[in-house]
Amino acid sequence: MRHPLEFLFPPEIGAELIYSFVIIVSSLMIYYATKEMYELSSYKGIKYFRQAFLFFAIAYFFRYFIQFFLVFFSLQGIIDISPRFILSISLFIFLYSSSMAVFYLLYSVMWKKWDHSKMKIYLFNLLALAIALIGMLFRGIEVSLILNIVLLLFATFMLFRAYKDTKNKQKGKSLFIIYILLFVFWVLNVIDILIPKFLQIYQLIIYLASIFLFMIILYRVLKKTGN
Amino acid sequence: MAKRGKLEIMRDILRIIQESNNLIKPTPLLRKSGLSSTRFKEYYFELLERKLIKEVSGEKQDRHIILSEHGFRFLEKYKAIVNFIDEFDL
């Protein structure tokens, strides 16, 4: 029988901790680097862009760091909850936050074309909650895989529409390729969590590619904000 | 003339105040802004609410408008904000 701590800390946790840490730090750097710009301008596009990266940071925090803190600060003994319960809650928050991150990133480029009602935000929250619930309840089942692929196709279609309307095609092209790849790697990350053995041999490639994409976005943000 | 965006109009209003030695009455500001009085009021109250401008009383107790620290910072960062919006197609 596996020791309860092995549910929380499988042997490959080291690489995953570093991966989560890099994504959290780069997402928070993007969030804070754009803080002044948003405070001065109150521009909605900047608001949604920042929220996307805040949600990415929350998602990856809950992916593995909650487990890290629980073990290293010995909270597990104090609060007496089972590792499976912690994993389910972490998975739920990870799926909800990462879905919200993708929705906000999409909304940051689409908000001018869509109507400005607050219904969109409620709809995103409902969809993200549904994705998180399905992911948690049907762990490893094809339903969440299909749902995520449908979402990826929807996001790609929306980005393509936004790209068609963009004025600076050259700049727009590179940005939309980065966003589409980010969405693809988000789906691969979700699959990696839901069906751990499915992508095991490609895990390191997925981690490195995701880090690379976040680094490109961070570099572009820092260059433009002058930080 | 191309239609100005919201940020551009805000920048123009703040710049008019700055170029008037950071002290101007509402009526000349309205005239120089090139906006209708309804639209001017909308922007005026938004700039006040967001603390980019401040109202001060003159010697004859008449109302004047000055830029706040935030207002000056907005003008400094305006180009960077617009470039950022353009870079990420926001």
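## A serine in a loop

A:Ser117 sits in the loop between α6 (83-110) and α7 (119-137) of chain A; helices here are DSSP runs of H or I with at least four residues, strands are runs of E with at least two, and both are numbered from the N terminus. A:Ser117 is exposed, because 9 other C-beta atoms lie within 10 Å. On this scale a residue is buried with 20 or more other C-beta atoms within 10 Å of its own, exposed with 12 or fewer, and partly exposed in between, with C-beta atoms placed from the backbone. Between the C-alpha atoms of A:Ser117 and A:Ile180, which are 63 residues apart along the chain, the separation is 26 Å.

A word on the ground rules: this is a predicted model, in which local features need pLDDT of at least 70 and side-chain atom pairs count only at pLDDT 80 or more, while totals for chains, interfaces and linings use all residues. Residues are numbered from 1 along each chain as its sequence is written, and chains are lettered from A and ligands numbered from 1 in the order in which they are written.

## The nonpolar core

The largest nonpolar core has 70 residues. Such a core is a set of buried Ala, Val, Leu, Ile, Met, Phe, Trp, Tyr and Cys residues joined through C-beta atoms within 7 Å. α4(A) gives the largest share of this core, 13 residues. A:Ala52, A:Phe56, A:Ala101 and A:Tyr104 have the most contacts inside the core.

Leaving aside residues up to four places away in sequence, A:Ala101 touches A:Ala52, A:Phe55, A:Phe56 and A:Ala59; contact means backbone-placed C-beta atoms within 7 Å.

## Where the chains meet

In the interface, 19 residues of chain A are in contact with 15 residues of chain B. On the chain A side, α3, α4 (44-72), α6, α9 (169-194) and α10 each supply at least two residues. That side has eight nonpolar, eight polar and three charged residues, where Ala, Val, Leu, Ile, Met, Phe, Trp, Tyr, Cys and Pro count as nonpolar, Asp, Glu, Lys and Arg as charged, and the others, Gly among them, as polar.

## Chain B and its last helix

Chain B has four helices and two strands, in the order α-α-α-β-β-α from the N terminus. Its C-alpha atoms fill a box of roughly 50 × 25 × 20 Å along the principal axes. Of the 90 residues, 19% count as buried.

Helix α4 (residues 69-87) of chain B has 19 residues and reaches 27 Å from first to last C-alpha, close to the expected 27 Å, a span defined as 1.5 Å times one less than the number of residues. α4(B) bends by about 55 degrees at B:Lys77, the angle between axes fitted to the seven residues ending there and the seven starting there. Its buried residues are B:Gly71, B:Phe74, B:Ile81 and B:Phe84, and their cover includes α3 (35-41) and α10 (203-225) of chain A together with α1 (6-19), β1 (53-57) and β2 (63-67) of chain B.

## Positive phi

Most residues other than glycine have a negative phi. A:Ser42, in the loop between α3 and α4 of chain A, has a positive phi near 50 degrees. B:Asn22, in the loop between α1 and α2 (26-33) of chain B, has a positive phi near 55 degrees.

Key
Contact = placed C-beta atoms within 7 Å.
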